[in-house]
Amino acid sequence: TGETFQRPSITINNTKLLVPFPDTHVNEGSRNMSQVKNIDKDTHVNFEDQQNINLFARKNAKLQDILEQIAEKEKDMQNLEDASSELMLTDSTDLVPYQIGEVFVHFSSEETQERVEKAKLDVQEDLVRLRASSVEIKAILNNLKAKLYSRFGDSINLETEDL
C-alpha cells in the first residue's frame, strides 16, 4: 500500500526518544507504542531505558501480529472442519473439487478427505507454534512492563488500547 507512517516518538524532559517501527508495515491504529506522559522533572531516561522501551514496542507489535495469525489459523481450522463434515455427506463415487492455490482440482472423496485431514494437521501445528510464541513474548512483555513501571511509575503507559 502507499500509506506512509510517521515514526512515533516519546518526549521526556524535552528529550525526544524515537520508537522504532517493527519490520512489517501494519495499520498504525492496531498498535500501541509505549507512551510516556507527564514525566517528573527528576526522571532521567538513560540508554538502557530507551532500549527497554524500544524492545517493548517491537515485542508488542510482534505479539499483535501473532494474535492476528492465530485468529486467521483458527478460522482456517473451522473451515477445514466444515469441509470435513461436508465430505462425509458426499457419495464416495463423486469427484470433489479441492483448491490448490488458485486452482480447483478434482479428487475422489477419499483422497479429498485425506488432503483435508493433512491440512488440518498442518494448521494445528501452526497454531501450537504460534501460541507458544505468544506465551514467550507475553512473558518478555510482562518482564519489561515490571522494569519500566518500577522506573517510571504512572508516567509511562504500556497497556494495550482496545479499539
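Trainee: Which residue lies over the face of Phe 152?

Mentor: Arg 151 does, at 5.4 Å from the ring centre; a charge counts as over a ring if NZ of Lys or CZ of Arg is within 6 Å of the ring centre and within 35 degrees of the ring normal. Please keep in mind that this is a predicted model, in which local features need pLDDT of at least 70 and side-chain atom pairs count only at pLDDT 80 or more, while totals for chains, interfaces and linings use all residues. Residues are numbered from 1 along each chain as its sequence is written, and side-chain values use heavy atoms, with hydrogens and water left out.

Trainee: And what does Asp 49 touch?

Mentor: Leaving aside residues up to four places away in sequence, Asp 49 touches His 44, Leu 148, Arg 151 and Phe 152, where contact means heavy atoms within 4.5 Å.

Trainee: Is Asp 49 buried or exposed?

Mentor: Asp 49, which is found in helix H1, has a relative accessible area of 7% and is therefore buried; buried means under 20% relative accessible area, exposed over 50%, and partly exposed in between, with a 1.4 Å probe and protein chains only. Helices (H or I, at least four residues) and strands (E, at least two) are DSSP runs, numbered from the N terminus.

Trainee: Which residues have the most contacts inside the largest nonpolar core?

Mentor: They are Phe 56, Leu 148, Phe 152 and Ile 156, in a core of 24 residues. H1, strand E4 (95–100) and helix H2 (109–152) each supply at least two residues of this core, and the largest share, 10 residues, comes from H2. Such a core is a set of buried Ala, Val, Leu, Ile, Met, Phe, Trp, Tyr and Cys residues joined through side-chain atoms within 4.5 Å.

Trainee: Switching topic, how many aromatic pairs does the structure hold?

Mentor: The structure holds 1 aromatic pair. The rings of Tyr 98 and Phe 107 have their centres 6.2 Å apart and their planes at 65°, so the pair is edge-to-face; rings of Phe, Tyr and Trp (its six-membered ring) pair if their centres lie within 6.5 Å, with planes under 30 degrees apart counted as stacked, over 60 as edge-to-face and the rest as tilted. Tyr 98 and Phe 107 are both buried.

Trainee: What lies over the face of Phe 107?

Mentor: Arg 115 does, at 4.1 Å from the ring centre.

Trainee: Last one: where is Leu 67?

Mentor: Leu 67 sits in helix H1, which covers residues 47–88, and with a relative accessible area of 34% Leu 67 is partly exposed.
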